[in-house]
Amino acid sequence: MLPLLKLGTLALKTLSKPLAGKLKQQAAIHPRFRQLIVNMAQSNHQITTKMQRRIYGHATDVEIRPLNEEKAVQAAVDLIGELFVFSVAVAVLIFEVQRSARSEARKEEIRKRELEAVRQKNDGLAEEVELLKLRLQELEQLARGRGLTGILNFKHIISKENEKTEKTA
């Protein structure tokens, strides 16, 4: 499943480039949108030129000539195409991160359940050890009470106690 999902996201990224080209073509043709992108391109040109002048230490109060309309349209549609491809890549990246996070959450839940099962088993074994310790103490007291013969007949006492417990159960 994982390789197919990765292959699908790669295909989506690849298909976004021709879609961006079509978007660029339509953006240059539509009259209202064309004027909007020309204004956007002129503003972008002004900002980037001023930034470049500041970086290189040139005067920033010089008038910046606007781009001709065709260059402005071309710059704007290139920017729109790149933004479209970038937004598709970001959407795919977000999808991958969320999918990975869900997978990790499932794994963490399984680990928690396994840890809880081990804890419960450990608690059960600890209780059993405590019961065995008590039983051993009782047997030692019985053996001390009987003296030397108690030690020699230890197996006999254990079998009688087992019979008593079986009768009461």
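**Salt bridges and a nonpolar core**

A: Let's start with a pair: Glu104 and Arg111 meet through their side chains in a salt bridge, 3.9 Å from N to O. This is a predicted model, where local features need pLDDT of at least 70, side-chain atom pairs count only at pLDDT 80 or more, and totals for chains, interfaces and linings use all residues. Residues are numbered from 1 along each chain as its sequence is written, and side-chain values use heavy atoms, with hydrogens and water left out.

Q: What counts as a salt bridge?

A: Side chains of opposite charge can pair when their charged atoms come close. Here the rule is a side-chain nitrogen of Lys or Arg within 4 Å of a carboxyl oxygen of Asp or Glu. By that rule the count is eight.

Q: Which residues join Glu104 in one network?

A: Salt bridges with shared partners tie together Glu104, Lys107, Glu108 and Arg111. Lys107 pairs with Glu104 at 3.9 Å between the closest N and O atoms.

Q: Is Arg34 buried or exposed?

A: Buried means under 20% relative accessible area, exposed over 50%, and partly exposed in between (1.4 Å probe, protein chains only). Arg34 is buried at 18%. Its salt-bridge partner is Glu69, at 3.2 Å, N to O.

Q: Which residues make up the largest nonpolar core?

A: In soluble globular proteins, nonpolar side chains tend to be buried together. A core here is a set of buried Ala, Val, Leu, Ile, Met, Phe, Trp, Tyr and Cys residues joined through side-chain atoms within 4.5 Å. The largest has nine residues: Ala27, Ile37, Val38, Ala41, Ala72, Val73, Ala76, Val77 and Ile80.
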